[in-house]
Amino acid sequence: SAFLMASALLEASFFTLQPVQATQERQVEMWIELITSYLHHQNQSTIYVEKDARDSPLFNNRRIGRSFPVDAIRHVLDVMADRGFAHWQDNEKTVCAVSWKKFDEWAAAIYKWAVENDFTNKILTVFEIRSGDVTQGQEFHGLDTPTTLSSLKVLEKQGKARLIP
């Protein structure tokens with residue numbers, strides 16, 4: 001199905017971070033909503049900042065000849081990371097894992113399932129958690145690998161899981 005882009009993408013000003021703080025904050029909120037909705041619709045969880053700044057319809061409106069600059073994309077993704085919806089895969093901030101739901105919310109759902117189904121203190125593969133028969137019907141079933149791993153890392157930080165490479 002087609003993804004309906006926000007009408008803001010028709011405005012040239014949407015593609016430049018606004019200098020007035022209150023306006024910029026609202027603009028960043030709109031970008032966050034757009035990014036999470038678009039990625040959820042596309043079943044995508046990774047943003048390759050420089051490539052997507054060039055090629056993705058998310059950050060480009062060829063009809064009006066505007067694109068969202070790399071530094072602005074990084075700024076929005078930094079805000080998303082601060083809020084728990086994203087995390088950088090590298091120190092250079094070129095690749096970012098993004099989720100439409102906070103990683104700690106996915107982690108809580110996975111942990112609740114593990115406790116309820118007696119899977120604590122048992123070894124499970126990432127595949128079993130995200131795609132196995134044992135997780136059929138769970139909201140995280142079918143979740144992409146990067147989001148699943150990010151959620152499991154939350155559980156590891158909480159002392160509720162251990163990741164074995």
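A pocket here is an open set of points on a 1 Å grid over the protein atoms alone, with protein on both sides within 12 Å along at least five of seven lines. In this predicted model, the second largest pocket holds about 180 Å³ of space. Its lining consists of 16 residues, and those nearest its centre are His40, Asn43, Trp100, Leu143 and Asp144. By class, the lining of the second largest pocket has eight polar, six nonpolar and two charged residues.

His40 belongs to helix H1, which covers residues 21-42. With a relative accessibility of 43%, His40 is partly exposed, because that class lies between the limits of 20% for buried and 50% for exposed. His40 and Ser99 are 59 residues apart in sequence, while their C-alpha atoms are 7.6 Å apart in space.

Thr46 is part of strand S1, residues 46-48. The relative accessible area of Thr46 is 12%, so Thr46 counts as buried, the cut-off being under 20%. Leaving aside residues up to four places away in sequence, Thr46 touches Asp52, Val95, Cys96 and Pro146.

The largest pocket has a volume of about 600 Å³. The lining of the largest pocket comprises 23 residues; Lys122, Ile123, Leu124, Ala161 and Arg162 are the ones nearest its centre. Two or more lining residues come from each of H4, helix H5 (126-131) and H6. H4 supplies the largest share of this lining, with four residues. The classes of the residues lining the largest pocket are 16 nonpolar, four polar and three charged.

Two of these elements, H4 and H6, also pack against each other. Two packed helices are described by the angle between their axes and the distance between the axes. For H4 (residues 103-116) and H6 (residues 145-157), the angle is about 75° and the axes are 8 Å apart. H4 and H6 are therefore roughly perpendicular to each other, since angles of 65 to 115 degrees fall in that class. On the H4 side, the contact is made by Phe103, Asp104, Trp106, Ala107, Ile110 and Tyr111; on the H6 side, by Thr147, Ser150, Ser151, Leu152, Val154 and Leu155. Eight of the residues in this contact of H4 with H6 are nonpolar, three are polar and one is charged.

Notes:
Residues numbered from 1 in each chain as written. Predicted model: local features only at pLDDT ≥ 70, side-chain atom pairs only at ≥ 80, totals over all residues. Heavy atoms only, no water. Axes fitted to C-alpha atoms, helices over the stretch in contact; angles between N-to-C directions. Parallel < 35°, antiparallel > 145°, perpendicular 65-115°, else oblique. Contact = heavy atoms within 4.5 Å. Nonpolar A, V, L, I, M, F, W, Y, C, P; charged D, E, K, R; others polar. 1 Å grid on protein atoms, 1.4 Å probe; cavity = no way out; pocket = protein on both sides within 12 Å on 5 of 7 lines; lining within 4 Å. Points joined across faces, edges and corners; volume = space filled by probe spheres on them. Buried < 20%, exposed > 50% of the residue type's maximum accessible area, 1.4 Å probe, protein only.
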